Every structure is written in C-alpha cells, then in structure tokens.
Amino acid sequence: MSGMAYKDPERQRAYAREWMHRNLDKAREAMRRWRARNPDLRRERNRRYKRAAQLRNPAKLNAQKAAYHAAHPEYKRAKDHAYRARRAAAAGSFTGAEWRELVARWGNVCAYRGEPGPLEPDHRLPLARGGTNFIDNILPVCVTAMRENTT
C-alpha cells in the first residue's frame with residue numbers, strides 16, 4: 001500500500017506520525033528544509049498557534065511567563081529597557097546575554113558605588129540627552145546609586 005493515499009484523513013495522519021517515528025532523521029531534515037524555504041509562513045503559523053494557545057488557557061501561559069521572568073530577570077530587564085529606548089526613539093538594543101557579560105566584567109558590583117546587590121542598567125549618556133541603548137552606553141548600577149543619580 002506504499003505510495004497510495006488513504007481515503008480516511010485520520011488514518012493518513014496516523015500513518016504519517018508512525019512514519020515520522022520510524023524515520024526521525026529524514027523527517028527532521030525535511031522539516032528543516034521546509035522551514036528554510038517558508039520563513040514567513042512558519043512565522044505566521046507560529047503566531048496563530050500562540051494566539052490560540054493564549055485564548056485556550058491564558059492563566060497557564062501567564063503563569064509560565066511569570067515563572068520564566070522570575071528565573072531569568074536579566075531577559076526581562078533587557079526587554080523593558082528595549083521598550084523604553086523604542087519609546088524614546090533611541091538607537092540600539094542589548095540582549096540578556098550582553099547584560100550578563102557586562103555585569104560579569106564589572107565583577108557583579110555597582111559601577112558607581114562598588115557594592116554588590118541587585119543591579120540595574122543605567123545609561124552613561126541618558127536617552128533623554130541623545131544616548132543610545134547599545135550595551136557600550138550601559139553601566140550596571142545598584143538601586144541606591146540609581147536613586148542618588150535621579151535626585
């Protein structure tokens with residue numbers, strides 16, 4: 001029966017799933033090729049899938065996001081600063097990985113006070129004065145120093 005299409009769509013899907021389990025490498029390579037040829041369609045399908053998942057169980061997805069942000073505060077911080085920079089029409093952005101690397105270069109201490117503790121990104125040249133949001137314009141600063149700089 002090889003090569004012959006099934007009349008029953010459910011039976012066809014079952015066969016396709018079984019084939020994929022038997023031929024994992026071939027299936028993965030075929031999926032890689034399809035994704036490379038269809039980036040826009042893949043992106044749109046992914047958006048629709050995520051939107052439908054959000055509508056099906058919003059509380060579950062919100063809890064997952066909150067848990068991820070609690071476990072990875074550097075990514076949330078980078079995202080928040082990117083948003084602020086977009087609002088200020090500032091050029092550039094930095095990633096969570098770049099932020100972690102910058103903090104490590106400073107020895108996990110505040111750039112102004114030299115104290116350890118929770119660190120926040122601070123712009124050397126503020127966005128309001130034309131500064132960029134690139135990582136080379138960012139310093140790791142403790143909350144105490146942030147308060148002192150704003151007052």
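**Close-up 1. Packing of helices α5 and α6 in the predicted model**. Helix α5 (residues 73-87) packs against helix α6 (residues 96-105) at about 110°, with the axes 8 Å apart; helices are DSSP runs of H or I of at least four residues, numbered from the N terminus. Axes are lines fitted to C-alpha atoms over the stretch in contact, and angles run from 0 to 180 degrees between N-to-C directions. The two helices are therefore roughly perpendicular (65 to 115 degrees). Glu 74, Tyr 75, Arg 77 and Ala 78 of α5 meet Gly 96, Ala 97, Trp 99 and Arg 100 of α6 (contact: heavy atoms within 4.5 Å).

**Close-up 2. The aromatic pair of Phe 94 and Trp 99**. The structure holds 1 aromatic pair (ring centres within 6.5 Å, with the six-membered ring used for Trp). Phe 94 is buried at 5% relative accessible area (buried: under 20%, 1.4 Å probe, protein chains only), and Trp 99 is buried at 3%.

**Close-up 3. The surroundings of Asn 133**. Asn 133 lies in the loop between β1 (119-123) and β2 (138-142) (strands: DSSP runs of E, at least two residues). Asn 133 is buried, at 0% relative accessibility. Beyond four places in sequence, its contacts include Phe 94, His 81 and Ile 138.

Residues are numbered from 1 along each chain as its sequence is written. Local features need pLDDT of at least 70, side-chain atom pairs count only at pLDDT 80 or more, totals for chains, interfaces and linings use all residues, and side-chain values use heavy atoms, without hydrogens and water.

How values were computed. Buried means under 20% relative accessible area, exposed over 50%, partly exposed in between (1.4 Å probe, protein chains only). Rings of Phe, Tyr and Trp (its six-membered ring) pair if their centres lie within 6.5 Å; planes under 30 degrees apart count as stacked, over 60 as edge-to-face and the rest as tilted. Angles under 35 degrees count as roughly parallel, over 145 as roughly antiparallel, 65 to 115 as roughly perpendicular and the rest as oblique.
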